[in-house]
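Me: I'd like to walk through a protein model with you and learn how to read its pockets, salt bridges and surface. Can you put it up and take my questions one by one?

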Amino acid sequence: MKEKEKTTLRKIEYHKKESFYLIVRGLEVGLASGLISVLYRFLLKNAESLLIKAAQFAKGGVFKCIVWFAVLALMGFAVAKIVKWEPMSSGSGIPQVNGEIKGELTQNWKKVIAAKLFGGTLSILGGLSLGREGPSIQLGAMAGKGIARMTRADKTSELRMMSCGGGAGLAAAFNAPLSGVMFILEEIHRTIDKSIICMGIVACVTADFVSKIFFGQDNVFAYETANIPLRYYWLLIILGIVLGIFGCAYNIIMSKGQDFFKKAEKVPNEIKMIFVFLLGGGIAIVLPQITGGGHQMVLLLLKEKPGLMMLVIFLLAKFLFSVISFGSGAPGGIFFPLLILGTYIGAIFADIFIPILNLDENMWQEFVVISMAGIFASIVRAPLTGIILVFEMTGNLESLLPLAVVSLISYAVANLIGVNPIYETLLEKIIGAHVKHPEFHDTDEKIIKTYVVPIGSPVNKKAIMDVEWGKHCLVVSIERNDVSITPKGETVIKEGDELVILVSQRHFSKDNKKLERIING
């Protein structure tokens, strides 16, 4: 028997006995991802504190201000060089993870981790409006990839470890393990895979535990609950529509912001980055609340409750500066900043309708919190992740129904308008500008991929031999009602089946797209 056939048979047999292995791998990934995310969180926390001190220093006179802006120029130049050294460290990092899981591109895990840590820290120190959560997902994924490479795991395990590392990074960033697992399933894989669920739960819980050792167990948001009377639930419909429209506008403008920076080809990237850093440093002096991820804006909102005009000013300022900061390509994410925009939309909405309808003033915070989930659903198009994330961030179950109503309506409105989810748009831009690394394709190793047959699937009630799977794909098992079925040519596929398919690594990207189209329609 040829060696390749032996390897394939071993992979199939191993797939049936991997539960313990998945738990061990989950612990490894969770520990590594948790530690790297904690380090990044620590660096950014100190960078934000240092930024406040630097801005105060710059206010001490003309000479001190000149010194501050000179330092900003140097930092901008350094970040431009870091991004040039490792282009995959640019931006959020979530599209890069999605792209590698789909086989569209590859990343050098060592370079990405180094570039993201240093570049992201400098970007926050420079006052840019960027978050830590997206980069934490990329750092977690790269930590998972690093563990896989160091332990010589096969490609199937490596992709799983990357996925779970990304979810673990989110769990560590927000103290939200359930959100990490849901993010893996809803945003990265977009299907149910029992192996991913098993490894992902272990990895996310482990990373969350590591994070809580260093940063404690407090919720990100603490607020007074005020139930919205059922007779006023029509307000949630209006809020969901508003958030859905705003989310689509956000995706379009954010994409245009990137295009604007790229079109200025005659201007060196170093000059563009220096300009953004000088702008960020200036804003840190006059309007420090809109710098960084937005934690200062949250404190301002919940503690001081600004008036309606100030809410609008902060919303627009944060939005426009986020477009500039992210469009520059500096290492940093939009995950938390977009949630902050949601809170301010909710606050504006509450300021308008509470006096008109003479509602309980305590509902103000309720609208603020549920708007976070709504804006996330419309921009990212992952409503379940948004609902669970806001629940874990607040620790409040009583708002679950309003969260669901607003999120699902904003999600439906965004889909109806037809604007692509933000991370899909960003991934398309990266793939269009990136030449694939050959290491992903120069091997005959097979990858095990699981696909769930949805209701209304084109392959439902079809025999395996009647489906054009492709010459590089082999259906090796069907999981039906917790029973493994060894497939034959005449085996009929049913809705709800989990198809375990061997896919050639050399052709993975193309074949994976084809399989998703065949199975999902």
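Me: Which residues lie nearest the centre of the largest pocket, and how many line it?

Reply: A caution to start: this is a predicted model. The largest pocket has 36 lining residues, and those nearest its centre are Glu-48, Arg-132, His-295, Gln-296 and Leu-299. Two elements give two or more residues to that lining, helix H2 (19-58) and helix H12 (295-304). H2 has the largest share, with nine residues.

Me: What volume does the largest pocket have, and what is its lining made of by class?

Reply: The volume comes to about 1,000 Å³. Sorted by class, the lining holds 16 nonpolar, twelve polar and eight charged residues.

Me: And the second largest pocket, what is its volume?

Reply: That one is about 800 Å³. Its lining counts 27 residues, with Val-83, Pro-87, Ser-90, Lys-262 and Gly-329 closest to the centre. Several helices give two or more residues to this lining, among them H3 (62-85), H10, H13 (308-327) and H18 (422-433). By class, the lining of the second largest pocket splits into eleven nonpolar, eleven polar and five charged residues.

Me: On to charges. How many salt bridges are there?

Reply: The general idea is that side chains of opposite charge can pair when their charged atoms come close. In this model the count is 13 salt bridges, taking a side-chain nitrogen of Lys or Arg within 4 Å of a carboxyl oxygen of Asp or Glu.

Me: Where do Glu-158 and Lys-155 lie?

Reply: Both are in helix H7 (residues 155-174), three residues apart, which is about one turn of the helix.

Me: Which parts does the pair Lys-429 and Asp-259 tie together?

Reply: Lys-429 sits in helix H18 and Asp-259 in helix H10, so this pair ties together parts that are 170 residues apart in sequence. The N to O distance of the salt bridge is 2.6 Å. As for burial, Lys-429 is buried because its relative accessible area is 19%, while Asp-259, at 23%, counts as partly exposed.

Me: Where are Arg-480 and Asp-497, which pair as well?

Reply: Arg-480 is in strand S2 (residues 473-480), and Asp-497 is in the loop between strand S3 (483-485) and strand S4 (498-504), 17 residues apart. Their salt bridge is 2.7 Å, N to O. Arg-480 counts as buried at 18% relative accessibility, and Asp-497 counts as buried at 1%.

Me: Last topic, the surface. Which residues make the nonpolar patch?

Reply: Trp-234, Ile-237, Ile-238, Ile-241, Val-242, Ile-245 and Ile-417 make a patch of about 570 Å². Helix H10 (residues 234-263) gives the most to it, with six residues.

Me: Where is Ile-417, and how accessible is it?

Reply: Ile-417 is found in helix H17 (residues 400-417). Its relative accessibility is 45%, so Ile-417 counts as partly exposed.

Key. Residues are numbered from 1 along each chain as its sequence is written. This is a predicted model: local features need pLDDT of at least 70, side-chain atom pairs count only at pLDDT 80 or more; totals for chains, interfaces and linings use all residues. Side-chain values use heavy atoms; hydrogens and water are left out. Patches are made of residues with over 30% relative accessible area and no salt bridge: like charges are joined within 9 Å, nonpolar side chains (Val, Leu, Ile, Met, Phe, Trp, Tyr) within 5 Å. Accessible areas come from the Shrake-Rupley method with a 1.4 Å probe; for residues, only the protein chains shown count as cover. Helices (H or I, at least four residues) and strands (E, at least two) are DSSP runs, numbered from the N terminus. Buried means under 20% relative accessible area, exposed over 50%, partly exposed in between (1.4 Å probe, protein chains only). On a 1 Å grid over the protein atoms alone, a cavity is a set of points where a 1.4 Å probe fits but cannot get out, and a pocket is an open set with protein on both sides within 12 Å along at least five of seven lines; lining residues have an atom within 4 Å of a point. Grid points are joined across faces, edges and corners, and a volume is the space filled by probe spheres set on the points. Ala, Val, Leu, Ile, Met, Phe, Trp, Tyr, Cys and Pro count as nonpolar, Asp, Glu, Lys and Arg as charged, and the others, Gly among them, as polar.
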